[in-house]
Amino acid sequence: MMRKFVIFVAIVASASAGAQYDPNTVLTKAIADLLYEPKGVSTRTTYLAPPNWTGFWGDFKVFETGSGAFTTDLNPISLRPADAHNFTLYYVDPLTGSDQNPGTTKLSAFRKLSFALSRPGNKWILCRPGVFDFRTSWGGASPVGNIVIEPWDETGYVISSSQMDNLSWQPDDGIFTSVTSTTTAQVVDEALSDLYGAGSKLVRVASVSAVRGTPGSFYAESKRVWVNRLNGSAPDGQLLLFAGTTNGVVQGGKIWLRKCIFLGGPNAFTATLTEDSQLTFVDCWFKYAASGDGLAVSGPGQVSSFFSWSVGNRDDGFDYRRGVKYMDVANVAVSNGISGGTENSGIAAFDATTGIVVNGIYRSNFGPNVTATGNSSLLLFGSTIGQSGATGSTSVDLRIGQGASDASQGWALGISYDSGSTFCRSVAPQSTIWYRKHRDVRPDILGAQNRIRPI
(Lines give C-alpha, C1' and ligand atoms only; values in the text may rest on other atoms or scores of the structure.)
Protein backbone atom coordinates (compact mmCIF):
# COMPACT_ATOMS: atom_id res chain seq x y z
CA MET A 1 0.00 0.00 0.00
CA MET A 2 1.35 3.40 -0.91
CA ARG A 3 2.12 5.65 2.01
CA LYS A 4 0.63 9.10 1.82
CA PHE A 5 3.04 11.99 1.66
CA VAL A 6 3.60 14.60 4.25
CA ILE A 7 5.85 17.70 4.43
CA PHE A 8 6.64 19.95 7.43
CA VAL A 9 5.53 23.25 5.91
CA ALA A 10 2.21 24.96 5.65
CA ILE A 11 1.68 25.47 1.97
CA VAL A 12 0.63 28.90 0.81
CA ALA A 13 -2.86 29.28 -0.52
CA SER A 14 -3.14 31.05 -3.85
CA ALA A 15 -4.75 34.44 -4.25
CA SER A 16 -7.11 35.14 -7.11
CA ALA A 17 -5.62 36.92 -10.12
CA GLY A 18 -7.33 40.22 -9.34
CA ALA A 19 -7.26 40.12 -5.54
CA GLN A 20 -5.38 42.63 -3.43
CA TYR A 21 -2.46 41.41 -1.35
CA ASP A 22 -3.87 39.97 1.86
CA PRO A 23 -1.50 38.21 4.30
CA ASN A 24 -4.40 36.34 5.85
CA THR A 25 -5.24 34.56 2.60
CA VAL A 26 -1.78 34.39 1.03
CA LEU A 27 0.34 33.33 3.99
CA THR A 28 -0.80 31.38 6.99
CA LYS A 29 0.65 32.26 10.36
CA ALA A 30 2.02 28.74 10.60
CA ILE A 31 4.35 29.17 7.65
CA ALA A 32 5.39 32.62 8.85
CA ASP A 33 6.36 31.12 12.19
CA LEU A 34 8.26 28.37 10.40
CA LEU A 35 10.22 30.69 8.15
CA TYR A 36 11.20 32.97 10.98
CA GLU A 37 12.11 30.25 13.44
CA PRO A 38 15.41 31.24 15.11
CA LYS A 39 18.51 29.69 13.60
CA GLY A 40 19.79 26.65 15.43
CA VAL A 41 16.29 25.48 16.38
CA SER A 42 14.84 22.74 14.18
CA THR A 43 11.17 23.24 13.46
CA ARG A 44 9.13 20.08 13.60
CA THR A 45 5.60 21.44 13.69
CA THR A 46 3.21 19.69 11.33
CA TYR A 47 1.19 21.86 8.93
CA LEU A 48 -1.62 21.05 6.53
CA ALA A 49 -1.74 21.83 2.84
CA PRO A 50 -4.37 24.39 1.79
CA PRO A 51 -7.67 23.08 0.41
CA ASN A 52 -6.91 24.28 -3.12
CA TRP A 53 -3.58 22.42 -3.44
CA THR A 54 -3.88 19.80 -6.20
CA GLY A 55 -0.40 18.28 -5.91
CA PHE A 56 0.65 15.51 -3.56
CA TRP A 57 -2.19 14.55 -1.25
CA GLY A 58 -2.22 13.93 2.49
CA ASP A 59 -0.12 15.70 5.10
CA PHE A 60 3.24 17.14 4.08
CA LYS A 61 6.15 17.21 6.47
CA VAL A 62 9.12 19.44 5.78
CA PHE A 63 11.33 21.04 8.38
CA GLU A 64 14.04 23.66 8.49
CA THR A 65 17.40 22.56 9.87
CA GLY A 66 19.60 24.62 12.14
CA SER A 67 21.65 25.82 9.15
CA GLY A 68 18.59 27.31 7.46
CA ALA A 69 18.22 24.54 4.88
CA PHE A 70 15.04 22.52 4.48
CA THR A 71 14.65 18.78 4.54
CA THR A 72 11.85 16.23 4.74
CA ASP A 73 11.15 13.11 6.75
CA LEU A 74 9.71 11.31 3.74
CA ASN A 75 11.55 7.98 3.49
CA PRO A 76 11.89 6.78 -0.13
CA ILE A 77 11.84 3.17 1.06
CA SER A 78 8.23 3.71 2.12
CA LEU A 79 7.35 4.44 -1.52
CA ARG A 80 8.28 1.02 -2.85
CA PRO A 81 5.12 -0.41 -4.44
CA ALA A 82 5.13 -3.61 -2.30
CA ASP A 83 7.43 -5.84 -0.32
CA ALA A 84 9.36 -8.81 -1.67
CA HIS A 85 6.66 -11.29 -0.65
CA ASN A 86 4.36 -9.86 -3.33
CA PHE A 87 7.01 -9.89 -6.06
CA THR A 88 8.93 -12.45 -8.08
CA LEU A 89 12.64 -11.96 -7.45
CA TYR A 90 14.92 -11.96 -10.52
CA TYR A 91 18.68 -11.49 -10.95
CA VAL A 92 20.32 -9.97 -14.03
CA ASP A 93 24.03 -10.16 -14.93
CA PRO A 94 25.15 -8.61 -18.27
CA LEU A 95 28.55 -10.36 -18.07
CA THR A 96 27.85 -14.01 -17.27
CA GLY A 97 24.05 -14.27 -17.31
CA SER A 98 21.89 -16.01 -19.90
CA ASP A 99 18.29 -15.46 -20.85
CA GLN A 100 17.95 -19.25 -20.96
CA ASN A 101 18.47 -19.29 -17.17
CA PRO A 102 15.58 -19.19 -14.68
CA GLY A 103 16.95 -15.87 -13.32
CA THR A 104 16.18 -16.75 -9.70
CA THR A 105 19.75 -16.66 -8.29
CA LYS A 106 22.97 -14.81 -9.00
CA LEU A 107 24.45 -17.96 -10.55
CA SER A 108 21.38 -18.45 -12.75
CA ALA A 109 20.85 -14.79 -13.66
CA PHE A 110 19.34 -13.43 -16.85
CA ARG A 111 21.64 -11.53 -19.20
CA LYS A 112 19.33 -8.77 -20.43
CA LEU A 113 17.55 -6.27 -18.25
CA SER A 114 14.90 -6.00 -20.98
CA PHE A 115 14.21 -9.73 -20.65
CA ALA A 116 13.59 -9.40 -16.90
CA LEU A 117 11.40 -6.32 -17.41
CA SER A 118 9.11 -8.20 -19.78
CA ARG A 119 8.47 -11.12 -17.36
CA PRO A 120 4.81 -11.26 -16.23
CA GLY A 121 3.62 -9.99 -12.87
CA ASN A 122 5.30 -7.84 -10.22
CA LYS A 123 9.10 -8.05 -10.21
CA TRP A 124 11.97 -7.24 -7.86
CA ILE A 125 14.98 -7.07 -10.19
CA LEU A 126 18.45 -7.19 -8.64
CA CYS A 127 21.16 -6.32 -11.15
CA ARG A 128 24.87 -6.89 -11.05
CA PRO A 129 26.47 -3.43 -10.76
CA GLY A 130 27.98 -2.42 -14.08
CA VAL A 131 27.06 -1.37 -17.60
CA PHE A 132 24.02 -2.69 -19.41
CA ASP A 133 24.63 -1.40 -22.93
CA PHE A 134 21.94 -0.94 -25.57
CA ARG A 135 22.08 -4.67 -26.39
CA THR A 136 21.47 -5.84 -22.81
CA SER A 137 19.74 -2.78 -21.33
CA TRP A 138 16.14 -1.56 -21.40
CA GLY A 139 16.11 -2.26 -25.14
CA GLY A 140 12.75 -0.63 -25.76
CA ALA A 141 11.00 -3.10 -23.44
CA SER A 142 7.73 -1.85 -21.98
CA PRO A 143 7.75 -3.11 -18.38
CA VAL A 144 4.87 -5.26 -17.18
CA GLY A 145 3.49 -4.99 -13.63
CA ASN A 146 4.97 -3.17 -10.64
CA ILE A 147 8.76 -3.18 -10.54
CA VAL A 148 11.66 -2.53 -8.19
CA ILE A 149 15.17 -2.25 -9.71
CA GLU A 150 18.38 -1.89 -7.70
CA PRO A 151 21.92 -3.34 -7.60
CA TRP A 152 22.39 -6.69 -5.90
CA ASP A 153 25.22 -5.25 -3.82
CA GLU A 154 26.52 -1.75 -3.01
CA THR A 155 29.74 -1.87 -5.06
CA GLY A 156 28.38 0.31 -7.85
CA TYR A 157 25.46 1.47 -9.97
CA VAL A 158 23.22 -0.24 -12.48
CA ILE A 159 24.09 1.64 -15.69
CA SER A 160 21.64 1.61 -18.59
CA SER A 161 23.54 3.10 -21.50
CA SER A 162 23.32 3.54 -25.24
CA GLN A 163 27.10 3.97 -25.33
CA MET A 164 29.08 1.96 -27.86
CA ASP A 165 32.28 0.85 -26.15
CA ASN A 166 35.58 -0.86 -27.03
CA LEU A 167 35.85 0.64 -30.51
CA SER A 168 38.97 0.27 -32.62
CA TRP A 169 40.08 3.57 -34.14
CA GLN A 170 42.15 4.12 -37.29
CA PRO A 171 43.74 7.37 -38.55
CA ASP A 172 42.17 8.80 -41.72
CA ASP A 173 43.97 11.79 -43.20
CA GLY A 174 44.22 13.83 -40.02
CA ILE A 175 41.04 12.53 -38.34
CA PHE A 176 39.98 9.14 -36.95
CA THR A 177 37.37 6.59 -37.98
CA SER A 178 35.84 3.45 -36.54
CA VAL A 179 33.28 0.79 -37.41
CA THR A 180 30.39 0.84 -34.93
CA SER A 181 27.63 -1.61 -34.07
CA THR A 182 24.90 0.83 -35.11
CA THR A 183 24.57 4.42 -36.29
CA THR A 184 26.09 6.99 -33.94
CA ALA A 185 23.63 9.57 -32.58
CA GLN A 186 26.03 11.72 -30.56
CA VAL A 187 29.66 11.94 -29.46
CA VAL A 188 30.74 13.44 -26.10
CA ASP A 189 34.33 14.30 -25.18
CA GLU A 190 34.72 13.99 -21.42
CA ALA A 191 38.30 15.18 -21.64
CA LEU A 192 36.70 18.62 -21.92
CA SER A 193 34.22 18.26 -19.05
CA ASP A 194 32.97 21.39 -17.33
CA LEU A 195 32.91 22.12 -13.62
CA TYR A 196 29.92 19.79 -13.13
CA GLY A 197 31.21 16.84 -15.14
CA ALA A 198 29.29 17.47 -18.36
CA GLY A 199 31.48 16.64 -21.33
CA SER A 200 31.71 18.72 -24.50
CA LYS A 201 29.47 17.46 -27.30
CA LEU A 202 30.99 17.14 -30.73
CA VAL A 203 29.01 18.86 -33.48
CA ARG A 204 27.44 16.64 -36.15
CA VAL A 205 28.46 17.75 -39.65
CA ALA A 206 27.30 16.64 -43.09
CA SER A 207 30.37 14.95 -44.55
CA VAL A 208 33.79 13.48 -43.86
CA SER A 209 35.42 16.51 -45.48
CA ALA A 210 33.51 18.77 -43.10
CA VAL A 211 34.88 16.76 -40.17
CA ARG A 212 38.43 17.35 -41.41
CA GLY A 213 37.82 21.08 -41.52
CA THR A 214 35.97 21.33 -38.21
CA PRO A 215 37.73 20.47 -34.94
CA GLY A 216 35.20 19.27 -32.40
CA SER A 217 32.94 17.55 -34.96
CA PHE A 218 31.82 14.10 -36.11
CA TYR A 219 30.08 12.49 -39.07
CA ALA A 220 28.18 9.19 -38.95
CA GLU A 221 27.19 7.08 -41.93
CA SER A 222 25.49 3.75 -41.31
CA LYS A 223 27.85 1.75 -39.06
CA ARG A 224 30.91 3.99 -39.39
CA VAL A 225 31.85 7.23 -37.68
CA TRP A 226 34.57 9.85 -38.20
CA VAL A 227 35.68 12.22 -35.43
CA ASN A 228 37.89 15.25 -35.05
CA ARG A 229 38.59 16.17 -31.44
CA LEU A 230 39.29 19.77 -30.60
CA ASN A 231 42.89 18.93 -29.71
CA GLY A 232 43.33 16.60 -32.69
CA SER A 233 44.34 13.67 -30.50
CA ALA A 234 43.35 10.04 -31.02
CA PRO A 235 40.11 8.87 -29.39
CA ASP A 236 40.47 7.28 -25.98
CA GLY A 237 38.26 6.19 -23.12
CA GLN A 238 37.07 9.77 -22.61
CA LEU A 239 35.45 9.98 -26.06
CA LEU A 240 31.94 8.52 -25.66
CA LEU A 241 29.84 7.41 -28.63
CA PHE A 242 26.10 6.88 -28.16
CA ALA A 243 23.56 5.05 -30.29
CA GLY A 244 20.12 6.61 -30.68
CA THR A 245 18.35 3.84 -28.77
CA THR A 246 16.06 4.16 -25.76
CA ASN A 247 17.52 3.67 -22.28
CA GLY A 248 14.48 3.63 -20.05
CA VAL A 249 10.78 3.90 -20.78
CA VAL A 250 7.69 3.09 -18.73
CA GLN A 251 3.95 3.46 -19.22
CA GLY A 252 1.71 3.25 -16.19
CA GLY A 253 2.40 0.96 -13.24
CA LYS A 254 4.46 1.56 -10.13
CA ILE A 255 8.23 1.61 -10.70
CA TRP A 256 10.87 2.14 -7.99
CA LEU A 257 14.54 2.49 -8.96
CA ARG A 258 17.63 2.92 -6.77
CA LYS A 259 21.26 3.52 -7.78
CA CYS A 260 20.52 3.52 -11.50
CA ILE A 261 22.31 5.61 -14.14
CA PHE A 262 20.80 6.34 -17.55
CA LEU A 263 23.25 7.53 -20.21
CA GLY A 264 22.36 8.68 -23.72
CA GLY A 265 19.22 7.90 -25.67
CA PRO A 266 16.75 10.50 -27.03
CA ASN A 267 15.66 11.13 -23.42
CA ALA A 268 17.81 9.44 -20.82
CA PHE A 269 14.58 8.17 -19.17
CA THR A 270 11.00 8.58 -20.43
CA ALA A 271 7.75 7.85 -18.59
CA THR A 272 4.11 8.24 -19.56
CA LEU A 273 1.94 7.87 -16.47
CA THR A 274 -1.71 7.24 -15.76
CA GLU A 275 -3.50 8.66 -12.74
CA ASP A 276 -2.68 5.67 -10.53
CA SER A 277 0.97 5.44 -11.65
CA GLN A 278 3.82 5.98 -9.23
CA LEU A 279 7.47 6.47 -10.21
CA THR A 280 10.30 6.80 -7.68
CA PHE A 281 14.02 7.40 -8.20
CA VAL A 282 16.58 7.16 -5.39
CA ASP A 283 20.22 8.13 -6.01
CA CYS A 284 19.87 7.99 -9.79
CA TRP A 285 21.63 9.83 -12.65
CA PHE A 286 20.29 11.08 -16.00
CA LYS A 287 22.98 12.17 -18.42
CA TYR A 288 23.69 12.90 -22.09
CA ALA A 289 20.19 12.72 -23.60
CA ALA A 290 20.86 13.24 -27.31
CA SER A 291 17.69 15.03 -28.41
CA GLY A 292 15.58 15.55 -25.30
CA ASP A 293 15.55 15.62 -21.51
CA GLY A 294 17.38 13.79 -18.75
CA LEU A 295 14.16 12.66 -17.05
CA ALA A 296 11.00 13.27 -19.09
CA VAL A 297 7.67 12.43 -17.42
CA SER A 298 4.15 13.23 -18.61
CA GLY A 299 0.64 12.32 -17.45
CA PRO A 300 -1.32 12.69 -14.21
CA GLY A 301 0.72 10.20 -12.17
CA GLN A 302 3.02 10.73 -9.21
CA VAL A 303 6.82 11.09 -9.35
CA SER A 304 9.29 11.27 -6.48
CA SER A 305 13.01 11.74 -6.93
CA PHE A 306 15.59 11.71 -4.13
CA PHE A 307 19.32 12.58 -4.22
CA SER A 308 19.42 12.33 -8.02
CA TRP A 309 21.43 14.18 -10.69
CA SER A 310 20.62 15.35 -14.21
CA VAL A 311 23.67 16.58 -16.12
CA GLY A 312 24.66 17.42 -19.69
CA ASN A 313 21.35 16.70 -21.43
CA ARG A 314 20.36 18.46 -24.64
CA ASP A 315 17.14 19.90 -23.20
CA ASP A 316 15.78 20.00 -19.63
CA GLY A 317 17.35 18.12 -16.76
CA PHE A 318 14.04 17.16 -15.09
CA ASP A 319 11.00 17.73 -17.31
CA TYR A 320 7.49 17.22 -15.88
CA ARG A 321 4.30 17.93 -17.84
CA ARG A 322 0.63 17.18 -18.51
CA GLY A 323 -0.57 17.06 -14.93
CA VAL A 324 2.31 15.26 -13.23
CA LYS A 325 2.38 15.54 -9.43
CA TYR A 326 6.02 15.48 -8.39
CA MET A 327 8.28 15.88 -5.40
CA ASP A 328 12.04 16.36 -5.75
CA VAL A 329 14.24 16.10 -2.67
CA ALA A 330 17.93 17.12 -2.68
CA ASN A 331 18.28 16.76 -6.45
CA VAL A 332 20.90 18.46 -8.63
CA ALA A 333 20.44 19.64 -12.23
CA VAL A 334 23.42 21.37 -13.85
CA SER A 335 24.71 22.07 -17.37
CA ASN A 336 21.52 21.02 -19.16
CA GLY A 337 20.29 22.56 -22.40
CA ILE A 338 23.64 21.96 -24.12
CA SER A 339 23.37 22.33 -27.91
CA GLY A 340 19.59 22.61 -27.61
CA GLY A 341 17.12 25.37 -28.32
CA THR A 342 15.99 28.07 -25.92
CA GLU A 343 14.26 27.73 -22.57
CA ASN A 344 15.99 24.56 -21.43
CA SER A 345 15.91 24.32 -17.66
CA GLY A 346 17.40 22.36 -14.80
CA ILE A 347 13.86 21.53 -13.67
CA ALA A 348 10.72 22.43 -15.59
CA ALA A 349 6.99 22.04 -14.95
CA PHE A 350 4.50 22.43 -17.81
CA ASP A 351 0.80 21.92 -18.55
CA ALA A 352 -0.96 22.13 -15.16
CA THR A 353 1.78 20.26 -13.34
CA THR A 354 2.28 20.61 -9.58
CA GLY A 355 5.64 20.21 -7.91
CA ILE A 356 7.40 20.44 -4.58
CA VAL A 357 11.17 20.93 -4.53
CA VAL A 358 13.12 20.60 -1.29
CA ASN A 359 16.78 21.62 -1.07
CA GLY A 360 17.60 21.22 -4.76
CA ILE A 361 20.57 22.71 -6.62
CA TYR A 362 20.04 24.13 -10.14
CA ARG A 363 22.97 25.84 -11.83
CA SER A 364 24.39 26.69 -15.27
CA ASN A 365 21.45 25.37 -17.28
CA PHE A 366 21.06 27.03 -20.68
CA GLY A 367 17.74 28.69 -20.02
CA PRO A 368 15.90 29.42 -16.77
CA ASN A 369 17.33 27.12 -14.12
CA VAL A 370 13.84 26.57 -12.68
CA THR A 371 10.62 26.95 -14.70
CA ALA A 372 6.89 26.58 -14.06
CA THR A 373 4.58 27.45 -16.97
CA GLY A 374 1.25 26.45 -18.48
CA ASN A 375 -0.86 27.01 -15.33
CA SER A 376 1.52 24.98 -13.19
CA SER A 377 2.18 25.38 -9.47
CA LEU A 378 5.61 25.06 -7.87
CA LEU A 379 6.76 25.14 -4.22
CA LEU A 380 10.47 25.74 -3.68
CA PHE A 381 11.94 25.16 -0.22
CA GLY A 382 15.52 25.91 0.71
CA SER A 383 16.96 25.40 -2.78
CA THR A 384 19.99 26.96 -4.45
CA ILE A 385 19.56 28.56 -7.86
CA GLY A 386 22.66 29.51 -9.80
CA GLN A 387 23.34 31.76 -12.73
CA SER A 388 21.75 30.69 -16.00
CA GLY A 389 24.10 29.59 -18.77
CA ALA A 390 21.99 31.40 -21.36
CA THR A 391 22.22 34.98 -22.55
CA GLY A 392 19.63 37.60 -23.39
CA SER A 393 15.96 37.01 -22.66
CA THR A 394 16.50 33.44 -21.48
CA SER A 395 19.11 34.30 -18.85
CA VAL A 396 16.67 34.25 -15.95
CA ASP A 397 17.14 31.86 -13.11
CA LEU A 398 13.57 31.37 -11.87
CA ARG A 399 10.64 31.70 -14.28
CA ILE A 400 7.00 31.47 -13.21
CA GLY A 401 4.61 31.70 -16.16
CA GLN A 402 5.04 32.52 -19.82
CA GLY A 403 2.41 33.97 -22.13
CA ALA A 404 -0.53 36.32 -21.72
CA SER A 405 -2.99 33.75 -20.36
CA ASP A 406 -0.61 31.70 -18.19
CA ALA A 407 -1.77 31.67 -14.56
CA SER A 408 1.11 29.69 -13.06
CA GLN A 409 2.02 30.21 -9.41
CA GLY A 410 5.22 29.81 -7.48
CA TRP A 411 6.23 30.02 -3.84
CA ALA A 412 9.94 30.54 -3.22
CA LEU A 413 10.83 30.07 0.44
CA GLY A 414 14.37 30.30 1.80
CA ILE A 415 16.01 30.28 -1.65
CA SER A 416 19.70 31.02 -2.15
CA TYR A 417 20.97 32.65 -5.34
CA ASP A 418 24.54 32.41 -6.55
CA SER A 419 26.54 35.53 -7.20
CA GLY A 420 25.63 37.05 -10.56
CA SER A 421 22.26 35.36 -10.83
CA THR A 422 19.03 37.12 -11.73
CA PHE A 423 16.47 36.92 -8.97
CA CYS A 424 13.29 36.22 -10.91
CA ARG A 425 11.39 36.96 -14.06
CA SER A 426 7.63 36.47 -14.17
CA VAL A 427 6.72 37.14 -17.78
CA ALA A 428 3.08 36.06 -17.57
CA PRO A 429 0.70 38.88 -16.57
CA GLN A 430 -1.64 36.37 -14.89
CA SER A 431 1.13 34.49 -13.05
CA THR A 432 2.29 35.17 -9.51
CA ILE A 433 5.36 34.39 -7.46
CA TRP A 434 5.36 34.73 -3.68
CA TYR A 435 8.74 34.86 -2.02
CA ARG A 436 10.09 35.09 1.51
CA LYS A 437 13.29 34.74 3.46
CA HIS A 438 15.71 34.47 0.58
CA ARG A 439 19.24 34.02 1.78
CA ASP A 440 20.53 37.04 -0.14
CA VAL A 441 19.53 40.69 -0.59
CA ARG A 442 19.30 40.90 -4.37
CA PRO A 443 16.98 43.70 -5.51
CA ASP A 444 16.89 42.93 -9.25
CA ILE A 445 13.43 41.44 -9.63
CA LEU A 446 12.39 41.47 -13.29
CA GLY A 447 9.04 41.13 -15.00
CA ALA A 448 5.52 42.20 -14.07
CA GLN A 449 6.15 43.88 -10.73
CA ASN A 450 2.55 43.68 -9.54
CA ARG A 451 2.72 39.88 -9.86
CA ILE A 452 5.90 39.45 -7.83
CA ARG A 453 5.01 39.82 -4.20
CA PRO A 454 6.67 39.44 -0.81
CA ILE A 455 4.90 37.32 1.77
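User: In which sense do β11 and strand β12 pair, and over how many bridges?
Analyst: This is a predicted model. In it, β11 pairs with β12 (residues 200-201) in the antiparallel sense, over two bridges. Val188 has Lys201 as its bridge partner in β12.

User: And how many bridges join β11 to strand β16?
Analyst: Five, and β11 and β16 (residues 239-243) run antiparallel. Thr184 has Ala243 as its bridge partner there.

User: Switching to the open sheet. What is the strand order?
Analyst: The order is β9-β10-β15-β14-β13, five strands with mixed pairing. β9 (170-172) and β13 (203-204) each have a single partner strand, so one side of each lacks a neighbour in the sheet.

User: What joins β9 to strand β10?
Analyst: Three bridges, with β9 and β10 (residues 175-179) running antiparallel. Asp172 stands opposite Ile175 of β10.

User: Now Ser310. Buried or exposed?
Analyst: Ser310 is buried, because its relative accessible area is 0% and the cut-off for buried is under 20%. The residue sits in strand β25 (residues 309-311).

User: Which backbone oxygen lies 2.7 Å from a polar atom of its side chain?
Analyst: That of Gly317. Gly317 is also one of the residues Ser310 touches, not counting those up to four places away in sequence. Others on that list include Phe286, Leu295, Phe318, Val332 and Asn336.

Conventions
Residues are numbered from 1 along each chain as its sequence is written. This is a predicted model: local features need pLDDT of at least 70, side-chain atom pairs count only at pLDDT 80 or more; totals for chains, interfaces and linings use all residues. Side-chain values use heavy atoms; hydrogens and water are left out. Two strands pair if DSSP finds at least two bridges between them. Helices (H or I, at least four residues) and strands (E, at least two) are DSSP runs, numbered from the N terminus. Buried means under 20% relative accessible area, exposed over 50%, partly exposed in between (1.4 Å probe, protein chains only). A polar contact is a pair of N or O atoms within 3.5 Å; within protein, one must be able to donate a hydrogen and the other to accept it, and residues adjacent in sequence count only if both atoms are side-chain atoms. Contact means heavy atoms within 4.5 Å.
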